Structure formats: C-alpha cells, structure tokens
There are 2 protein chains.
Amino acid sequence: MERGDISQAVISRLPRYHRFLSELKDQGIERISSADLSRLMHVTASQIRQDLNNFGGFGQQGYGYNVDYLHEEIGHILGLDKRHNLIIVGAGNLGQALANYVNFDRRGFHTKGLFDSDPHMQGVMVRNMPVRPMSELEDFIKEYSIDIAVLTIPKDAAVEVADRLIRCGIQGIWNFAHIDLDVPENVRVENVHLSDSLMKLSYNLRDLEG
Amino acid sequence: MERGDISQAVISRLPRYHRFLSELKDQGIERISSADLSRLMHVTASQIRQDLNNFGGFGQQGYGYNVDYLHEEIGHILGLDKRHNLIIVGAGNLGQALANYVNFDRRGFHTKGLFDSDPHMQGVMVRNMPVRPMSELEDFIKEYSIDIAVLTIPKDAAVEVADRLIRCGIQGIWNFAHIDLDVPENVRVENVHLSDSLMKLSYNLRDLEG
DNA sequence: ATCACTTTGTGAAAATTTTCTCAATCATAT
DNA sequence: ATATGATTGAGAAAATTTTCACAAAGTGAT
C-alpha cells in the first residue's frame, strides 16, 4: 500500500465511499459490486475500482466487495482508527456547533478544550467544557497532547493563532477562517471556506435564471 | 463568454482568485501580473491565465491585470452581482452561525427566515428573525421569493425537507447534512460535508505520525 | 465436478487538465 | 518617437485522470 503518490482527487473521494458504505452497513447489506455502487453514487464503476486499487485489491471476482470489510479498510486508509485530540479556538456559534457534533467522537476525534479571546465567554460551559482564555493555549496543548486545532475565528486572529499553534508543534489545522494559512511543511491544513462553497452554488445557479 | 462547458475544477478555483483579489484590493494594490499572483497563491501563472481565459481576456500585455477590474469580473462570473433570498432550515448552532455571518449579505445572499421543527425553538430570535415552525415553510418561500435553502439539519430530515423544497420550486440547496441529496436536474445542490473534510485532514496527518 | 455467469484487477486508450513556449502587444523610460 | 522590457493569450506538448475492455478468477446452481 504505497502512499504519498496518491492524488488528492482520489483522497477526496474516499470519505464519500466511506459514507455510502456506512449507509449500506446500516441497511444490513453485506456485499456490493462496483456496478451497483456506481449506480448508487453516480460515478463510474471503473473509477471506483481504480480508486480502491490504489490501496489494494479489496474485492473478489464474481462476488464484489464485502461492505463491512471495505468500510473498515477505507476507514483504516483514512486513519480513522487513530485517536486525535482536538481543541477548538473560537467559541462562537460555529465553534459550539462543532464542539457539539457527536459524530466526530465516534471517528476518533476527541474535543478536549475550547478557547476564546472574548472575556465574556470565559467559563461558559459548552458540552461540559469551560471556554478557556487564550493565555492557556500553549500549556493546554502540551498537557492534553493536542494534535489538531480547529480555527473558528476571524481571519486576522487565525493568522496569529496559527503561528502560536505551529510554534508549539501542532500537527493539523482545520481552518474555517476566510484566509489561506501559510504553514511549514510538517503541518497539515484543511480549509473549509464556506464562502467559496456558496459562490460555487451561486455560479451553478446562474444558468437556471436565464 | 461560453458557459456550461467549463469544468468544475476551474469553477472551484474562481472563489479563491476572488478572495486573493479582495485582499489585494484591501491592500490598495492596483495591478498584478499572473507571475506575482502565482507566487502569492502557490499555483502556476499558466493556470491562472488559462483559467481566466475561459471567460475572456481580462489582462493586458506588459501590464498584467487590474485588480479592481478582475475582482469585479470574477464576481460577475460567479453571479455575485445577483440578489438571492435564503432561508435556513435548522436553527441549531450551525444554522445560527450561518444566520449571523454578515459577509453573506455583502455578497448578495440575504437570509430572510429561519425554520426549525423543535417546538422549543419557535419564536426564538436570531439576528432579529424569529425561528418559524416547519408548517410555514411553503407559504414563506412563495411570499419572500426564496431561491436558496440552507439545510443544517440531520440527514433523515434533510431528505424530507429537500423534497418539500423541490416541490415548491426552490432553485438551490446548500446542504450541510451528512448525505448526498438526489435532486432533479433543475435544482442545484452544493454539499458541505464537514466530516469528509475532517477525514481528508486525518488522511494527510497519517504520514506525519510515522 | 462441471458449466454458465458474474465481477474484479489491470493494461491500454481516451479524455481532460496542466504546463510549456513564444509571438504579439502594450507599458514605460528616454 | 523609439527602444527596451514585461506580460498576456493561445496553440502545442506533457502530465494526469478517467474510461474502456477483457483475461483471470471466483460464485452458485445443477
């Protein structure tokens, strides 16, 4: 199972496979062929097989794929069997929404703390966690072995906070701020630019309106 | 300026160009060459020029691109000069976060109403708007000429609500539910699958951990 | 055990996307 | 006015991604 040479396009599709396989599992379906999955997901069967074969042969001729097994394997590829400790920086609505999102825990992403620079937010309880002041950031990261930080703060603050996080060795940043963060090679950033997404919708709406 | 034959890969990059041009505008920079922009954005100058030339020649030899003009043109391509009326279905933390996000208004996306099925949420004020019961959905859409619905509800509810929305002629759905919605051809869906994004981060973290 | 059928994995072809290259054009300084 | 230098737009080449096609391998019924 080679890694590093696999395109981000393939990686981007893996969570979707994982999601559909979860659904199939929930429905008690034990096996599925690439052809059936392709009809379900509206992608070609070829692409499914090609994508999966980047990581190994998970299927069986004449049978198809075992749903449970494939679900688990993709989870493994995505690293969902690893445990991650998160903090959320920015305890506004978005930060609180993410803190309350139970499914992340199930996938091994455990939120350990929330931070906010607003003095009025200090001590407010969110999902049994007190909102902490930014001054405690560095110590907390060390004490709780935090490896991922979620940034739900305005862009200027995000740049500053990212610097602090990087200096104390954070590995991953899940960035919701409206800016692309420049980070060293040994830090991974995943951006969620909600505005970009809305603009894409806007573009695709244009030809409906004449 | 042909449309419809432009790949989604190109479309996906336009909001990012738009964002960087906004930054340049804010910094008072009047002109930029594709080479300078490429250094800033970490993409090739070729790609920038090729992307833009899908829609027309916005630059000038020996000069580069006028920041203001290009910003406006991309905004136009993305349809940001059109007005859209939104409703948000699901007034939890995420729905409230989006309702309070001021920048959407600036881009022509005006939130007109919030809906929630929880009786305890009825009448709660979010950004000067009362949370409404789901029973009022259809009438409200007609009365306020709503063209986009934002779904910040669980997946089972999302499927049901999407059906209702489609029946009363919604044009766009911005879907935050953890499921791919099947919609007719004349409806545009833009999915924001936060879990997928987190899984991508998870994958990219793997090779940092040995 | 055999046979007809299904379905994967994979090499090759096709399609698409990205990068390269450079003539044409414009800016700017003198 | 002219010359020098900068930079685009676009055609061609290269690289990448997706799809095709089919041999090989397994299923399941008889």
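How much area is buried between chain B and chain A?

## The interface at a glance

About 6300 Å² is buried there, and carbon and sulfur atoms give 56% of that. Buried area here is the accessible area (1.4 Å probe) that two parts lose on being put together, summed over both. On the chain B side, B:Arg19, B:Tyr203 and B:Arg206 lose the most area to chain A, together 13% of what that side buries.

This is a predicted model, with local features needing pLDDT of at least 70 and side-chain atom pairs counting only at pLDDT 80 or more, while totals for chains, interfaces and linings use all residues. Residues are numbered from 1 along each chain as its sequence is written, chains are lettered from A and ligands numbered from 1 in the order written, and side-chain values use heavy atoms, leaving out hydrogens and water.

## Who touches whom

In chain B, 66 residues are in contact with 66 residues of chain A (heavy atoms within 4.5 Å). The rule also finds twelve salt bridges across this interface, a salt bridge being a side-chain nitrogen of Lys or Arg within 4 Å of a carboxyl oxygen of Asp or Glu. One of them joins the side chains of B:Arg19 and A:Asp196, at 2.9 Å from N to O.

Several elements of chain B each supply at least two residues to the side touching chain A, among them helix H1 (8-26) and helix H9 (194-206). Helices are DSSP runs (H or I, at least four residues), numbered from the N terminus. H9(B) gives the largest share of that side, 13 residues.
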